Amino acid sequence: MFAKINRKDLFKSPPTVFTDKLISQEARRSKALEEQKRVCVISFVHFFRISNIALQRRAQKFESSRQLDAFADLNLGNSDDDGDLDDEPEIIREGVSGFVQMVSQPVEIQSLSSDVHNHETVQSGKRRGKSRRKRIKAKPSKWADKCMYAELLEMNEEAHLWDSQSGDVIDGLPRDLEAAWVAVAPVPTGKRCLAVTHQSAGIVGTSPNTTLRSRVLGKMLLPRFPSSLPPLTVLDCILDVNWRDNGIIHVLDVLKWKGQDVGDCETPFRFWWRDTRLAELTKPPLPSGNFSFTAPSTTADASSQNAGSLSNIPTSERERYRFPYPTSFVPIPYHTDTTLTSLSSFVIPMARSTREISVDIPVHVSPPEFTSHDMAIDGAHDSMVSRSTTSVVARVDSDGLLLYVSHASYEEGTSPLSCWIPNKAITGHPELPGISEGHDSPLDVFQRLVQRHTMKNLHVVLGLQESMDI
């Protein structure tokens, strides 16, 4: 019998195990970075040529406008003041209404003869249309596979993997890890998606202007909802696994902001731009309208259950607020200091920790008791409930660590310029590099390799000091 394989584990594993040094992850990463530089140079040259052509055309228009004085004495015809108009032939202005009868009769005869032919073609076209509809496939969304999806970092702890020329261990860690990388941690658990804003009429934050698109197919995950993001903005996000309870969507990267393409910039600038612009946004209002105070288990299938099934749920659970859409766009922390010491003492422990985020959640308020002398105003209870909020701390579990090449721009699809190190063990794949039979997570392997490199550098420094003393 075959062992059951978790599809989620397969989803995060690399498609192929690369054993040849020529097609290793390091080689593919260098090739991808060189390709980005080549495309950048080509686009710059193309932009320079277009700008030069535009300047030449502008200069030609300017020179042509300066020669208008040479055409000042030209005349298109005699003026109305000239009296020698008797010799000119008289122009008879007559409409074409008299010729309509000459062409109307053949057209009607032709239309009568073509009605029978059109009726036959329509009947045959209906039969063919049914078969054609089955063959036509839906067009893929333009947002499909637009996220920069990281590869699983290929690591190996075997001690015999040494490079005889340079003396470095070929264990999968990037050679320039301490100088040319940016770490993102803790990466929250959730669903990867794109947050896309559109032009909408109305006040920003109240009119629906934002949609969430799935990573692979680009389909809408939620109906359009309001947010404080500016129009024409595209963000790479992770929808929190408990967004119904905390209303959080985590912002990983930025592609566009107010129509300006930011994806072509380097990684540290994109992350700085992301944090700066999100901090400038006004605090969005909480969802208005009908609030949903339901228990976490009462989702779409709750309507089919009996009403008495909620009696066993505590009152605090029944009155828990459920967000209809995410309201808080929270940036994921990034770290430009990727030295071995910083990774061991700060970044890796943070990738294992649980992040705490403060969010505002509406509180269920019981309706006030009106006396006979008071007047109950329509909607007073709804406004009281909508204004009653409380600040709670949401605990977000970590899913691992992400590494980005500093000098790389944002790249669509799966890219070796970004590496993924999960903090949970990937079972069922002992052949993958960095995956041992002891059910150690890739983050555990990464931590041991970082410690090994730290000890090696320490031995090198001590050896140099001893040689200098001698």
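This is a predicted model: local features need pLDDT of at least 70, side-chain atom pairs count only at pLDDT 80 or more; totals for chains, interfaces and linings use all residues.
Trainee: How do you know that the span of helix α5 agrees with its number of residues?

Mentor: Helix α5 covers residues 267-280, which is 14 residues, and at 1.5 Å a residue it should span 20 Å. The C-alpha atoms at its ends are 20 Å apart, so the two values agree.

Trainee: Which residues of α5 are called buried, and why is that word used?

Mentor: They are Thr267, Arg270, Phe271, Trp273, Arg274, Arg277 and Leu278. The word is used because buried means under 20% relative accessible area.

Trainee: What makes the buried residues of α5 line one face of the helix?

Mentor: Viewed down the axis of α5, the buried residues fall within an arc of 160°, and therefore they line one face. The face turned away from that buried side carries Ala279 and Glu280, which are exposed.

Trainee: Against which strands do the buried residues of α5 pack?

Mentor: They pack against β2 (181-188), β7 (248-257), β8 (260-261), β9 (328-331), β10 (334-335) and β13 (398-405).

Trainee: Which element supplies the largest share of the lining of the largest cavity?

Mentor: Strand β2 does, with 3 residues. The lining consists of Pro186, Val187, Pro188, His250, Arg355, Val396, Asp397 and Ser398.

Methods. Residues are numbered from 1 along each chain as its sequence is written. Side-chain values use heavy atoms; hydrogens and water are left out. Helices (H or I, at least four residues) and strands (E, at least two) are DSSP runs, numbered from the N terminus. The expected span of a helix is 1.5 Å times one less than its number of residues. Buried means under 20% relative accessible area, exposed over 50%, partly exposed in between (1.4 Å probe, protein chains only). The arc is that of the directions from the helix axis to the C-beta atoms. Contact means heavy atoms within 4.5 Å. On a 1 Å grid over the protein atoms alone, a cavity is a set of points where a 1.4 Å probe fits but cannot get out, and a pocket is an open set with protein on both sides within 12 Å along at least five of seven lines; lining residues have an atom within 4 Å of a point.
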